[in-house]
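Open the model in your viewer and show it as a cartoon.

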Amino acid sequence: MIKLVEFVVRKEELSHAEFADYWLHDHSPIAKEMPGLKRYVTSLPADPEQSEYDGVLELYFEDMDALSAAFDSEAGQRTMADAESFLQVGAGPRMIVEETVQLDETA
């Protein structure tokens, strides 16, 4: 399983509350349409005033080919176009990783 992890930064004209509301309620339904997406996780800071970033995005795909195909798709292009309306795309660090779960007591 491949995971894309990105620390996201909101556009300056949005408050953190406006950003969070848009991300969770307007953008997420668009992003969930990307083909091959296996898991989609959004995380918001507990104390946004003390955080360097506005959130953390995690997207899971079966492999790198699936990740590439998702972003190359029409749904992927729509997702990125919408992201540019409320995010400073590329402003935060981003990694593509292979996740190894060491402990999961939530399962």
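Start inside. This is a predicted model, and its largest nonpolar core has 21 residues. Select Phe19, Trp23, Met34, Tyr40, Leu59, Phe61 and Phe71: these have the most contacts inside that core. Strand E1 (2-8), helix H1 (16-31), strand E2 (37-43), strand E3 (55-61), helix H2 (64-72) and helix H3 (74-83) each supply at least two residues. In soluble globular proteins, nonpolar side chains tend to be buried together.

**The sheet**

In what order do the 4 strands of the open sheet lie? The order is E2-E3-E1-E4, and the pairing is antiparallel. Look at the edges: E2 and strand E4 (94-98) each have a single partner strand there, so one side of each is left without a neighbour in the sheet. From one strand to the next, the twist averages 15 degrees.

Strands of a sheet pair through backbone hydrogen bonds, either parallel or antiparallel.

Select E3. Of the 7 residues of E3, 6 are buried, so the strand is largely enclosed by the rest of the structure. Now check its pairings:

- E1 and E3 run antiparallel and are joined by 7 bridges.
- Lys3 has Tyr60 in E3 as its bridge partner.
- E2 and E3 also run antiparallel, with 6 bridges between them.
- Val41 stands opposite Glu58 in E3.
- Val8 stands opposite Gly55 in E3.

**Helices on the sheet**

Bring back H1. This helix packs on the sheet and touches E1, E2 and E3. Its direction makes about 175 degrees with that of E2.

**Phe19 and Arg10**

Go back to Phe19. Beyond four places away in sequence, Phe19 touches Val8, Arg10, Leu14, Leu44, Asp54, Phe86 and Leu87.

Select Arg10 from that list. Where does Arg10 lie? It is in the loop between E1 and H1. Arg10 counts as partly exposed because its relative accessibility is 24%. Leaving aside neighbours within four places in sequence, its contacts include Ser15, His16, Asp54 and Gln88. Zoom in on its side chain: a polar atom there lies 2.4 Å from the backbone oxygen of Leu14.

Finally, draw a distance from Arg10 to Leu59. Their C-alpha atoms are separated by 18 Å, and the two residues are 49 residues apart along the chain.

Technical notes:
Residues are numbered from 1 along each chain as its sequence is written. This is a predicted model: local features need pLDDT of at least 70, side-chain atom pairs count only at pLDDT 80 or more; totals for chains, interfaces and linings use all residues. Side-chain values use heavy atoms; hydrogens and water are left out. A nonpolar core is a set of buried Ala, Val, Leu, Ile, Met, Phe, Trp, Tyr and Cys residues joined through side-chain atoms within 4.5 Å. Buried means under 20% relative accessible area, exposed over 50%, partly exposed in between (1.4 Å probe, protein chains only). Contact means heavy atoms within 4.5 Å. A polar contact is a pair of N or O atoms within 3.5 Å; within protein, one must be able to donate a hydrogen and the other to accept it, and residues adjacent in sequence count only if both atoms are side-chain atoms. Two strands pair if DSSP finds at least two bridges between them. Axes are lines fitted to C-alpha atoms, for helices over the stretch in contact, and angles run from 0 to 180 degrees between N-to-C directions.
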